[in-house]
Amino acid sequence: MLNKAQTLPFRLLASALTIGAVAFGYQKNAQALTFNFNFAEDTPTIYVNRINQIGGVWGNYIHDDVTVNINVEVGELPTGYLGGARPGMVKVNYADVVQQLELDQLSDLDQSAVANMPTYQSSTGELSIARTINGTSDASGLAHVDTNIKDLWITRANAKALGIVSGNDTTIDAVIRLND
């Protein structure tokens, strides 16, 4: 039996999986999300069992037929940190994301989200997201003025759910590190 302090990392893991999972939509004829956890050799058995249990629960609620590959590490973290997650990212063309989201609409909420996505044309006639960031500034205070921004970064897991990356691609999609 785990005490309160021992269960906290698992609650954090469940939260991290929730953050990554809520972006998945429901696909037609899909089965279920599968988590492929790759555990470091020194991962305690209790951690392995609990993490697999949490992944199984989320796999029953999310219906994108993809496998998400997550490396799990347990080790020392800075004081005050119980765990963290780092998703793998891919750079994709905005028009491809819009197209895939249009194909993945199953609910009224999906349709509303797609209908309200920015679909500005760049000066070259391609879909652009420039208007969504122009008028803002970067960390150094420089204003965004590019009118031809047509790529964006999304998590590998979301790219899989959208069919932009193969759902059974074996590349690592995220890393979770829990404090020992």
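Strands β2 and β8 pair in the parallel sense over six bridges. Helices (H or I, at least four residues) and strands (E, at least two) are DSSP runs numbered from the N terminus, and two strands pair if DSSP finds at least two bridges between them. This is a predicted model, in which local features need pLDDT of at least 70 and side-chain atom pairs count only at pLDDT 80 or more, while totals for chains, interfaces and linings use all residues. Residues are numbered from 1 along each chain as its sequence is written, and side-chain values use heavy atoms, with hydrogens and water left out.

Strand β8 also pairs with β3 (residues 83-87), here antiparallel, through five bridges. Ile176 in β8 stands opposite Val72 and is also the bridge partner of Ala85. Five of the six residues of β8 are buried, where buried means under 20% relative accessible area, exposed over 50%, and partly exposed in between (1.4 Å probe, protein chains only).

Asn179 lies in β8. Its side chain reaches the backbone oxygen of Tyr81 at 2.7 Å, a polar contact (a pair of N or O atoms within 3.5 Å; within protein, one must be able to donate a hydrogen and the other to accept it, and residues adjacent in sequence count only if both atoms are side-chain atoms). Beyond four places in sequence, the contacts of Asn179 (heavy atoms within 4.5 Å) include Tyr47, Val74, Leu77 and Leu82.

The largest nonpolar core has 15 residues, and those with the most contacts inside it are Leu33, Phe35, Phe37, Ile51, Val68, Ile70 and Leu178. Two or more residues of this core come from each of β1 (34-39), α2 (45-61), β2 (67-75) and β8 (174-179). The largest share, four residues, is that of β2. Apart from this core lies another, of seven residues, among them Val90, Val92, Val97 and Ala159. A nonpolar core is a set of buried Ala, Val, Leu, Ile, Met, Phe, Trp, Tyr and Cys residues joined through side-chain atoms within 4.5 Å.

Across the whole structure there are four salt bridges, each defined as a side-chain nitrogen of Lys or Arg within 4 Å of a carboxyl oxygen of Asp or Glu.

Through shared partners, salt bridges join Arg156, Lys160, Asp169 and Asp173 into one network. Arg156 lies in helix α6 (residues 156-162) and Asp169 in the loop between α6 and β8, so this pair ties together parts 13 residues apart in sequence. Asp173 lies in the loop between α6 and β8, so its pairing with Arg156 of α6 ties together parts 17 residues apart in sequence. Lys160 is also in α6, so its bridge to Asp173 ties together parts that are 13 residues apart in sequence. Arg156 counts as buried because its relative accessibility is 9%, whereas Asp169, at 25%, counts as partly exposed. Lys160 and Asp173 are both buried.

The protein chain averages a pLDDT of 79, and 72% of the residues score at least 70; pLDDT is the predictor's confidence in each residue, from 0 to 100. Over residues 19-30 pLDDT stays under 50, and the model has 30 contacts beyond four places in sequence for them. Where pLDDT is low, the predicted coordinates should not be read in detail.
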